[in-house]
Amino acid sequence: MSHSPRTLTTGLPAVADLRSRLDAALGDAARTWLDQAVTAAAASRSSDTATPAAPVQTAPVRTVPSQTAPAQAAPTQAPSVQATSAEATSARARAAAHLPAPGPTPSWELRFAEAGRRCGPEHADTARLVLLHAARADTATLARLYEQGTATERRAVLAALPHLVPGPDALPLVEDALRTNDTRLVAVALGPYAAEHLAPHDWRHAVLKCLFTGVPVDAVAGLAHRARADTELARMLGDYAAERTAAGRTVPGDLYRVLALTDPPTATDAHAPATTGPGDRAASPDHPAVADPDHPSATSPGRPAAPVPLAPPSMSTGEDQEY
Amino acid sequence: MRIFDPHIHMTSRTTDDYEAMHAAGVRAVVEPAFWLGQPRTSPASFVDYFDSLLGWEPFRAAQYGIAHHCTIALNPKEANDSRCTPVLDLLPRYLVKDNVVAVGEIGYDSMTPAEDTALATQLQLAADHELPALVHTPHRDKLAGLRRTLDVVQESALPLERVLIDHLNETTVKEAKDAGCWLGFSVYPDTKMDEDRMVAILREYGPEQVLVNSAADWGKSDPLKTRKVGDAMLAAGFDEDTVDRVLWRNPVAFYGLSGRLTLDLTDTEATHEGNSILRGGA
């Protein structure tokens with residue numbers, strides 16, 4: 001399901017540049033704090049050797065490697081928890097199995113948590129990204145920080161994914177964020193990492209969720225690239241527009257923007273961002289270029305044969321538009 | 001009239017309440033971790049609850065222009081349940097969070113040995129994490145509960161001036177004030193305090209270090225009681241500055257002891273990369 005590895009993340013700002021800008025913006029105390037935190041994070045790289053690079057799993061089974069007992073590998077722990085959960089296991093034992101083990105948290109992870117009050121809320125995202133990068137946090141560490149994080153900490157983990165995780169292992173974190181109704185998380189979950197790795201069905205639903213919850217589709221990385229020639233997405237957009245119209249409600253302006261992007265390549269190539277690259281979307285098994293009998297988009301009542309009337313040119317708001 | 005409700009359980013309230021609170025002048029709240037009516041049976045339930053206090057609920061509040069912070073603790077009722085007490089081991093990782101402005105609410109319910117242990121343990125955690133503590137006083141045997149609470153605080157590493165004693169009334173206010181604590185009053189429709197008695201206490205004891213809250217939750221309660229106290233104060237002849245002191249500056253000063261209070265939420269949290277999230281809600 002990967003789309004052109006690295007092609008969608010080549011536009012990412014370098015962490016070193018972000019750090020320089022952050023240093024310039026911070027006061028002396030905050031900059032000193034950041035220096036120390038980065039040092040601690042960098043030092044954790046060599047000491048953090050016991051964590052296997054296992055794929056992320058999220059709720060209901062928590063597979064966070066224990067700080068005090070790293071030998072308890074997640075893959076063997078998880079099934080036993082499932083199997084015994086209905087038995088008369090003591091609550092404490094269940095808690096110990098399900099929950100992160102208490103114990104000393106690495107100092108850089110404590111600093112990751114307190115970055116907001118040390119650097120100011122406006123700089124917290126960048127400071128946390130710098131720390132994750134300095135620690136070269138692996139997928140298991142990122143998953144633990146996400147699961148144990150506040151909404152702002154989770155946002156920072158999601159934003160760090162394209163910098164730190166080359167493959168799709170961290171997708172469960174993105175999928176968890178997309179299940180929430182917290183638009184701060186939904187927006188950042190749809191960054192370059194999702195653009196590169198999120199499955200077509202999940203990605204389409206995420207785009208639709210943006211339209212539902214008012215997240216501007218500008219937050220969706222690689223939108224033009226992934227939407228291009230996606231007739232299934234076009235059908236979903238058309239159905240949603242029809243539903244809104246039937247209810248006497250306005251259609252979000254962003255819907256028409258995305259719908260226009262689903263036109264065939266010849267219609268959008270001229271406007272496509274340079275970062276999209278050639279792509280390999282035709283190879284995707286769920287790519288709409290291959291006819292899908294379960295989704296006869298060409299005959300869907302919500303998807304007129306010619307989508308152009310849905311997409312008046314230069315429309316930005318969607319308000320008061322005839323459908 | 002700007003209002004900071006220093007004790008309200010918004011998890012139990014509706015969006016209508018948020019709208020009405022904002023219309024009444026509420027711009028900031030602190031939600032203490034407490035029990036949920038239905039007893040919990042494992043620390044995992046606490047984890048989800050704490051995560052909600054640090055995730056979903058602040059987001060919900062921000063949609064209505066209200067800054068939301070929380071206090072984290074094992075409450076005294078559930079401190080008596082051995083299925084729940086392991087949550088004490090999980091508290092340290094929560095107490096470092098930016099949005100946690102106190103340890104609380106802790107204190108006594110039935111004044112059991114298990115409650116002694118939980119209270120002393122969590123006062124130490126507050127000292128360790130440079131946080132103040134929100135300590136409630138029991139509903140039953142209140143004066144004896146207050147005295148025992150003050151004894152435990154005095155034996156702890158946490159100074160009395162970093163402790164807010166809550167649910168005070170006519171019988172307990174003097175000893176709490178003499179001890180040097182911050183003084184919290186919960187104003188309820190039927191129980192605890194009411195507006196007129198609150199005004200009488202303010203007349204007798206002054207507004208210094210006094211905080212008024214609605215403590216609204218899943219029981220019969222009123223999230224607008226803070227505003228009603230403000231109106232009652234004005235009607236009784238208090239000036240606007242004194243109302244502001246009690247309903248805004250005092251809670252800001254107390255929770256500000258944490259160094260973690262951020263009240264410019266409408267400028268930061270309510271937008272994402274310059275885009276309003278206030279339209280949200282699926």
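## Ground rules

The model is predicted, with local features needing pLDDT of at least 70 and side-chain atom pairs counting only at pLDDT 80 or more, while totals for chains, interfaces and linings use all residues. Residues are numbered from 1 along each chain as its sequence is written, and chains are lettered from A and ligands numbered from 1 in the order in which they are written.

## Chain A at a glance

Chain A has 17 helices and zero strands. Here helices (H or I, at least four residues) and strands (E, at least two) are DSSP runs, numbered from the N terminus. Of its 323 residues, 40% count as buried. That label takes 20 or more other C-beta atoms within 10 Å of a residue's own; 12 or fewer makes the residue exposed, anything in between makes it partly exposed, and C-beta atoms are placed from the backbone.

As for contacts (two residues whose C-beta atoms, placed from the backbone, lie within 7 Å), take those in chain A with a separation of 6 or more: 76% of them are between residues 24 or more positions apart.

## Some residues to look at in chain A

R31(A) sits in helix 2, residues 28–47 of chain A. With 15 other C-beta atoms within 10 Å, R31(A) comes out as partly exposed. Leaving aside residues up to four places away in sequence, R31(A) touches D23(A) and L26(A).

R136(A) has phi near 45° and belongs to the loop between helix 7 (121–134) and helix 8 (139–147) of chain A. R136(A) is partly exposed, as it has 13 other C-beta atoms within 10 Å. A229(A) has a phi of about 60°, and its place is the loop between helix 14 (223–227) and helix 15 of chain A. A229(A) is partly exposed too, with 19 other C-beta atoms within 10 Å.

## Helices 13 and 15 of chain A

Two packed helices are described by the angle between their axes and the distance between the axes. For helix 13 (residues 200–213) and helix 15 (residues 231–246) of chain A, the axes come within 10 Å and cross at roughly 30°. That makes helix 13 of chain A roughly parallel to helix 15 of chain A. On the scale used, angles under 35 degrees are roughly parallel, over 145 roughly antiparallel, 65 to 115 roughly perpendicular, and the rest oblique. Axes are lines fitted to C-alpha atoms, for helices over the stretch in contact, with angles from 0 to 180 degrees between N-to-C directions.

On the helix 13 side of chain A, R204(A), V207(A), L208(A) and L211(A) meet E232(A), L233(A), M236(A) and Y240(A) of helix 15. By class, this contact of helix 13 with helix 15 of chain A has six nonpolar, no polar and two charged residues. Ala, Val, Leu, Ile, Met, Phe, Trp, Tyr, Cys and Pro count as nonpolar, Asp, Glu, Lys and Arg as charged, and the others, Gly among them, as polar.

## The sheet in chain B

Over in chain B, eight strands make an open sheet with parallel pairing, in the order 1-2-3-4-5-6-7-8. Strand 1 (3–5) and strand 8 (210–213) of chain B are at the edges with a single partner strand each, so one side of each has no neighbour in the sheet. On average, neighbouring strands of this sheet are turned by 25° against each other, direction ignored. Strands count as paired if DSSP finds at least two bridges between them.

Strand 4 (residues 100–107) and strand 5 of chain B pair in the parallel sense over three bridges, and I106(B) has V135(B) as its bridge partner in strand 5. Strand 5 (residues 133–136) of chain B is covered on both faces: A133(B) and V135(B) are buried on one side, L134(B) and H136(B) on the other. Back in strand 4 of chain B, where E105(B) lies, the peptide bond from G104(B) to E105(B) is cis, with omega near -5°.

## Helices 8 and 9 of chain B

The axes of helix 8 (residues 195–205) and helix 9 of chain B come within 9 Å and cross at roughly 55°. That makes helix 8 of chain B oblique to helix 9 of chain B. The contact is made by E195(B), D196(B), M198(B), V199(B) and L202(B) of helix 8 and K228(B), V229(B), A232(B) and M233(B) of helix 9 of chain B. Sorted by class, the contact of helix 8 with helix 9 of chain B has six nonpolar, no polar and three charged residues.
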